[in-house]
Amino acid sequence: MREGELVALLAGALLVAGYSWAEQGEPRAVAALANADGTRPGLKPITGKRERAAAVRLISKVRVGEPGSMAGYHRERFGKKWTDAAKGVPYAGNGCRTRDDLLARDGTGVRYRRGSDCVVVAMTLADPYTGKKIEWRKREHYRVQVDHVVPLSYGWRMGASRWPQAKRVRIANDPLNLLPVSGAVNEAKGGAGPAEWLPPQRKIRCAYAVRFAQVAVKYDLAVTRADKIAMLRQCR
């Protein structure tokens with residue numbers, strides 16, 4: 001089975017909007033767990049009792065493992081930064097860098113460099129991690145960074161060091177694993193998992209845990225026991 005086909009099956013089993021849960025009796029189109037392809041912006045708060053229960057079930061599917069060494073890690077192990085050449089993920093091959101795709105996905109009032117329909121030079125971002133609006137201009141590029149929800153260094157320690165290069169390139173450029181956010185907040189997060197770092201905006205912490213879990217399940221990536229407990233705690 002192709003990876004894309006497997007992802008589609010997982011999406012159907014993870015209460016993605018437009019799909020139903022594989023188990024009889026589960027609600028349809030649960031918005032909280034929507035966006036398993038990463039093509040819609042931001043994070044929506046998860047507040048409903050049934051949605052939070054569904055989130056807990058999803059997080060419960062994530063494998064637990066022991067972190068390995070950082071030996072051999074560097075960013076290039078996940079391919080050229082923001083490459084358009086990742087295969088099997090949305091936006092790949094459209095001629096635009098992944099970063100610009102994500103800025104365009106999540107920004108409003110997006111403006112492009114003259115003569116380009118790719119290079120974003122200005123936008124307004126509703127930062128999902130802080131809840132604040134950021135008026136961003138490319139000359140102040142550091143004010144908005146594209147966060148890997150599951151950090152690449154975290155993935156490396158939890159098994160990505162043994163993956164084929166192509167799979168590492170996919171997780172590094174998969175919109176499901178990417179959120180434009182406040183640069184300062186992203187730098188504060190670093191390579192931390194949910195046990196050590198959660199978004200400052202409390203109302204989206206369960207949604208953040210769900211997104212972390214969606215990425216982990218899609219790529220069959222283990223998390224630490226402490227991180228899984230922290231993720232479950234956000235949705236209970």
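Q: Which side chain does Arg63 meet in a salt bridge?
A: That of Asp220, at 2.9 Å, N to O. A salt bridge here is a side-chain nitrogen of Lys or Arg within 4 Å of a carboxyl oxygen of Asp or Glu. Mind that this is a predicted model: local features need pLDDT of at least 70, side-chain atom pairs count only at pLDDT 80 or more, and totals for chains, interfaces and linings use all residues. Residues are numbered from 1 along each chain as its sequence is written, and side-chain values use heavy atoms, leaving out hydrogens and water.

Q: Where do the two partners sit in the chain?
A: Arg63 is in the loop between helix 2 and helix 3, and Asp220 is in the loop between helix 7 and helix 8, 157 residues apart. Helices (H or I, at least four residues) and strands (E, at least two) are DSSP runs, numbered from the N terminus.

Q: And how many salt bridges in total?
A: The structure holds five.

Q: New topic: at what angle do helix 2 and helix 8 pack?
A: About 170 degrees, with the axes 9 Å apart. Axes are lines fitted to C-alpha atoms over the stretch in contact, and angles run from 0 to 180 degrees between N-to-C directions. Helix 2 is therefore roughly antiparallel to helix 8 (an angle over 145 degrees).

Q: Which residues of helix 2 make the contact?
A: Arg52, Ala55, Val56, Ile59 and Ser60. Helix 8 brings Lys228, Met231, Leu232, Gln234 and Cys235. Contact means heavy atoms within 4.5 Å.

Key: Angles under 35 degrees count as roughly parallel, over 145 as roughly antiparallel, 65 to 115 as roughly perpendicular and the rest as oblique.
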